[in-house]
Amino acid sequence: METNNKELVSQGRKNLDFAERNMSALMKLRERFKKEKTFKGLKIGMALHITKETGVLVRALKDGGAQVAVTSCNPLSTQNDIVAALQAEGINAYGYKGETRADYYKFLNKIIAFKPDVTIDDGCDLVTEIHTKHPGLIKNIIGGCEETTTGILRLHSMVKAGALKYPVVAVNDNNTKHLMDNYYGTGQSTLDGVIRASNILFAGKIVVVAGYGDCGKGVAMRSRGHGARVIVTEVRPFRALQARMDGYEVMPMAEAAKVGDIFITVTGDIDVLTPDHFKLMKSGAIMANSGHFDVEIDVAALKKMSVKSRRIRPFLDEYTLKNGRVLFVAGEGRLVNLAAAEGHPSEVMSMSFCGQALAVEYLLKNKGKLKPGVYTLPAALDDKIAQLQLDSMGVKIDKLSKRQAEYLSGWQEGT
């Protein structure tokens, strides 16, 4: 793909400028970084979705003195105009929408060849590649940051296996990330992706949401808001209980498969929709995934089951089964909100990327003090992000009086 096209560069810059208008919290941090040169001399290697919001984060880190190299963390999530604009600004940016698997790993290895001091990951592929194939780099890596739930799960598995060799901040675990980005961001952007892929009406449909974590809660809420009847499938008792108490139907996927019109997977796990479910689905059912990897819907098995398939819209594939029933898959079973749409809105990514930027600063301030493991940012920094966002929205809140603070921190005063 030609990324030095003048029109592409121009469009990318316009999109970056538009994103900056809606990322006031991150822009406030950017001003401070630029003044203090917080990241002077630091090499930051990033594997994130290359969207306009990621571009704003890259600019903020660069203004803070960092050298930045960025590649995609998903073959379908890159916005080509943003790559072109970043490259025009002298940033090492790699990726294009619709990457081959070979190119995906080729670009990932360009980040590794950059020899970063800090890694920023979304899904843990960069960390995994370094640990399995380039362990010699680890001694010079200060630490890393991880953006998403799937990546955090993989990091904890590495810790359990004794495989993680440098500290990583779980940015996903910030309240301003998982309770905002995952809930509001995924809720809106997932439906945006399904609608752009299919232009289907949600009102009156039965939407099956697989997984009731923060992302699933957001998808279920937005689906109901569009007038759909929502069914939730879960494997964890408490989350299933939450879904039922929130007013949704809860049942096994084997039952939901018979009645659903739209299926959205957000579990982070493998084999959520399998041939056993495909056989039960009614003709015309649409499947989409908003979990990080393309493993939740067994698309390969669906292809084998089909007598024919065709792409009927840019991000919607049709599969015809032997019995004549037709099933649809949006975004090739990859992240539908980024494959078929543009990912989360800028406002919510502003908070998430404030977390990434502050996590890098936290790693620098604690260089040499953190053992290999998974860390959460201090609550005070999370609150700082929330306050920055409130300020950008013009929202004011109360402050504890001295007496209130003493009461909350004391224990002597009884009933």
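**Cysteines and the parallel sheet**

Reply: This is a predicted model. Start with Cys73. Its relative accessible area is 2%, so Cys73 is buried, the cut-off being under 20%. Cys215 is also on the buried side of that cut-off, at 17% relative accessibility.

Next, the sulfurs. Searching the whole structure turns up zero disulfides. Cys73 is in none; the nearest cysteine sulfur belongs to Cys124, 12 Å away. Cys215 is likewise in no disulfide. For Cys215 the nearest cysteine sulfur is that of Cys73, at 14 Å.

Seven strands form an open sheet with parallel pairing. The order is β3-β2-β1-β4-β5-β6-β15. The edges are β3 (92-94) and β15 (373-375). Each has a single partner strand, so one side of each lacks a neighbour in the sheet. On average, neighbouring strands here are turned by 20 degrees against each other, direction ignored.

Strands of a sheet pair through backbone hydrogen bonds, in either a parallel or an antiparallel way.

Zoom in on one pair. Strand β4 covers residues 118-121, and strand β5 covers residues 143-146. The two run parallel, joined by four bridges.

Methods: Residues are numbered from 1 along each chain as its sequence is written. This is a predicted model: local features need pLDDT of at least 70, side-chain atom pairs count only at pLDDT 80 or more; totals for chains, interfaces and linings use all residues. Side-chain values use heavy atoms; hydrogens and water are left out. A disulfide is a pair of cysteine sulfur atoms within 2.5 Å. Buried means under 20% relative accessible area, exposed over 50%, partly exposed in between (1.4 Å probe, protein chains only). Two strands pair if DSSP finds at least two bridges between them. Axes are lines fitted to C-alpha atoms, for helices over the stretch in contact, and angles run from 0 to 180 degrees between N-to-C directions.
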